[in-house]
Amino acid sequence: MTIFRRIILGEIPSYKIYEDAETYAFLDISPASPGHTLVICKSEVANLYELSDADLIATARTTQRVGRVLRDVLQPDGINVVQNNGAAAGQTVFHYHVHLIPRWENDGVFAFWQPQSLAKELMQELQTKLAN
Ligand code: AMP
C-alpha cells in the first residue's frame, strides 16, 4: 500500500484542500513553492497508463477546480501542472497523482527541460513510429 492510499484512508495526516467521491487533493509535504498541491485519484492506480477513463476525467476535473482555487486565493503569476510516470521521470510515489505548482515571476523554482534540436530525419522517424 502506498503512502497516498494511507492518506486517503486517514491513517496518515494530510493538509486536505478538497475531496470528492473519486479524488483527494492535499498540500505536498515538501513543496516546490507555497501552495504546491497534489491531486490523487482514490483508486489504487500506479500511473497514467493504468488510469480508467472515469478516474482520468475525475482527476482532471479536480485538477482544474483546485487550480482555480490556487489562482484565486494565492494569485500566482502561473501554475505548472506536472505528472510523473516511472522512476526515470521522477515518480517516487506509485499512486497516480498530479502536481499543481504555483509559480511567481523569477521564483527560480525549477527549469523543466533544456530545449534540444533534433535532426529532421529523427523527427520524421519519431512521427512515423508514433502516429498510429
Ligand atoms: P512524485 O515524485 O511525482 O512521485 O511526487 C511525490 C510527491 O509526494 C513529492 O512531491 C513528495 O513531496 C510528496 N509526498 C510524499 N509523502 C507525502 C505526504 N505524506 N504528504 C504530502 N506529500 C507527500
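## Terms and basis

A pocket, on a 1 Å grid over the protein atoms alone, is an open set of points with protein on both sides within 12 Å along at least five of seven lines, and its lining residues have an atom within 4 Å of a point. This is a predicted model, where local features need pLDDT of at least 70, side-chain atom pairs count only at pLDDT 80 or more, and totals for chains, interfaces and linings use all residues. Residues are numbered from 1 along each chain as its sequence is written, and side-chain values use heavy atoms, with hydrogens and water left out.

## Pocket

Lining the largest pocket are 20 residues, with Phe4, Asp28, Ile29, Ser30 and Leu38 nearest its centre. Two or more lining residues come from each of helix H1 (3-8), S2 and S5; helices (H or I, at least four residues) and strands (E, at least two) are DSSP runs, numbered from the N terminus. H1 gives the most to this lining, with three residues.

## Sheet

Five strands form an open sheet in the order S1-S2-S3-S5-S4, with antiparallel pairing (two strands pair if DSSP finds at least two bridges between them). Its edge strands, S1 (16-19) and S4 (78-82), each pair on one side only.

S1 and S2 form a hairpin with three residues between them and are joined antiparallel by three bridges, where Lys16 has Phe26 in S2 as bridge partner. S4 and S5 (residues 97-103) run antiparallel, joined by five bridges; Val81 has Leu100 in S5 as bridge partner.

Terms used: 1 Å grid on protein atoms, 1.4 Å probe; cavity = no way out; pocket = protein on both sides within 12 Å on 5 of 7 lines; lining within 4 Å.
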